[in-house]
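Here are my notes from an afternoon with this model.

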Amino acid sequence: MKNIGFIGIGLMGFPMAKNLLKSGYNLKAYNRSQDKADRLKEFGAEISTSIKDVVTNSDVVIAMLTDDAAVEKVMGSNEFISNIKESATVIDMSSINPVITKKYAEFLKEKNINYLDAPVSGGTIGAEEASLAIMVGGDEKTFNECYDLLKTLGNPTLVGPVTSGQISKLANQIIVGVTIGAVAEAVTLCEKSGTNPSKMVEALSGGWADSKILQTHGKRMISKDFSPKGKTTTQLKDMTNIINAGKAVETHLPISSLIKEMYKDLVADGYGNTDHSSLYNAIEKINKK
């Protein structure tokens, strides 16, 4: 079995690393806040105290980091570049700007290090259940070599060359962001009209409007439970990357632009660390004016 170095033991990284350990992989874990990584000890992980330690002798290095800046800080560090072994494979499962993805893919290729961008969708539930949708960009040979490993985490699909994974994730986040907005409006309309929103969700089950977002996020909105499963700040980051990716190919995305501004206002109003279904609160604010 391959030796895995796993960087980023947060809401998503912890269950993902745990599933790799349960499947028998040797895994070293590193997180900037070491206490988060320490939770993996009981599952057999070796806890690294530095980037240098986690990449040294690892056949595959997986990064599951929060944003562009975090990826830059790790992959751009001398600890990372100087100690990762030749012919190793880096799998970046973070959701980041495709420009950053391309930059490190090309840089690592010069060092004879393989690279896949493999962002995921499915949230913490998908991470726990190993049912994540994994959108992969890279070459077919590297993908095939890592397929069994990725299959441990969910359902990997090779979409195309490097950056294709990130673009597919942005497409995913367009649908997620816009649908959350639609569900928030639907719930609000029911509440304001005196219709039971829970019964509405039940009635729509199995129809064209049904979706995981309606069933999970809709129920969160109805119960006003916005404890973070996927953070609002993360959704804002993704919506910003969506707009920038559109600009890069001279494409205007008007609905995404509206949703991005709504998330921007939501974060400014102090909802940054709540679940992204709290976009419901932005609809509430508009209706209180």
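**Entry 1: strand β4.** I started with β4, which covers residues 60-63. Helices (H or I, at least four residues) and strands (E, at least two) are DSSP runs, numbered from the N terminus. Val60 and Ile62 point one way, while Val61 and Ala63 point the other way. In a regular strand the side chains alternate between the two faces of the sheet. I found all of these β4 residues buried, where buried means under 20% relative accessible area, exposed over 50%, and partly exposed in between (1.4 Å probe, protein chains only).

A note on the source: this is a predicted model, in which local features need pLDDT of at least 70 and side-chain atom pairs count only at pLDDT 80 or more, while totals for chains, interfaces and linings use all residues. Residues are numbered from 1 along each chain as its sequence is written, and side-chain values use heavy atoms, with hydrogens and water left out.

**Entry 2: neighbours of β4.** Which strands pair with β4? I see strand β1 (residues 3-7) running parallel to β4 over 4 bridges, and strand β5 (residues 89-92) also pairs with β4 in the parallel sense, over 4 bridges. Two strands count as paired if DSSP finds at least two bridges between them. I then followed Ile62: this residue is the bridge partner of Phe6 and stands opposite Ile91 in β5.

**Entry 3: salt bridges.** I count a salt bridge when a side-chain nitrogen of Lys or Arg is within 4 Å of a carboxyl oxygen of Asp or Glu.

- Lys18 pairs with Glu128, with the closest N and O atoms 3.5 Å apart. Lys18 lies in helix α1 (residues 13-22) and Glu128 in helix α7 (residues 123-129), so this pair ties together parts that are 110 residues apart in sequence. Lys18 is buried at 12% relative accessibility, whereas Glu128 is partly exposed at 42%.
- Asp59 pairs with Lys85, and their closest N and O atoms are 2.8 Å apart. Asp59 sits in the loop between α3 (51-55) and β4, and Lys85 in the loop between α5 (78-83) and β5, so the pair ties together parts 26 residues apart in sequence. Asp59 is partly exposed at 24%, and Lys85 is partly exposed at 31%.
- Lys141 pairs with Glu145, the closest N and O atoms being 2.8 Å apart. They are 4 residues apart in helix α8 (residues 140-151), so about one helical turn separates them. Lys141 is exposed at 60%, and Glu145 is partly exposed at 37%.

Entry 4: Where does UniProt place the feature "active site"? The unreviewed entry puts it at Lys169; the position is given in the numbering used here, feature names are shortened, and annotations may be inferred rather than shown by experiment. I found Lys169 in helix α9 (residues 164-193), buried at 8% relative accessibility. Leaving out residues up to four places away in sequence, Lys169 touches Ser95, Pro119, Val120 and Met135, contact meaning heavy atoms within 4.5 Å. The Lys169 side chain also reaches the backbone oxygen of Val120 at 2.8 Å.

**Entry 5: Met262.** My last stop was Met262 in helix α13 (residues 254-271). Is Met262 buried or exposed? At 14% relative accessibility, Met262 counts as buried. Neighbours within four places in sequence aside, Met262 is in contact with Leu279, Ala282 and Ile283.

Terms used: Polar contact = N/O pair within 3.5 Å; in protein donor to acceptor, adjacent residues only side chain to side chain.
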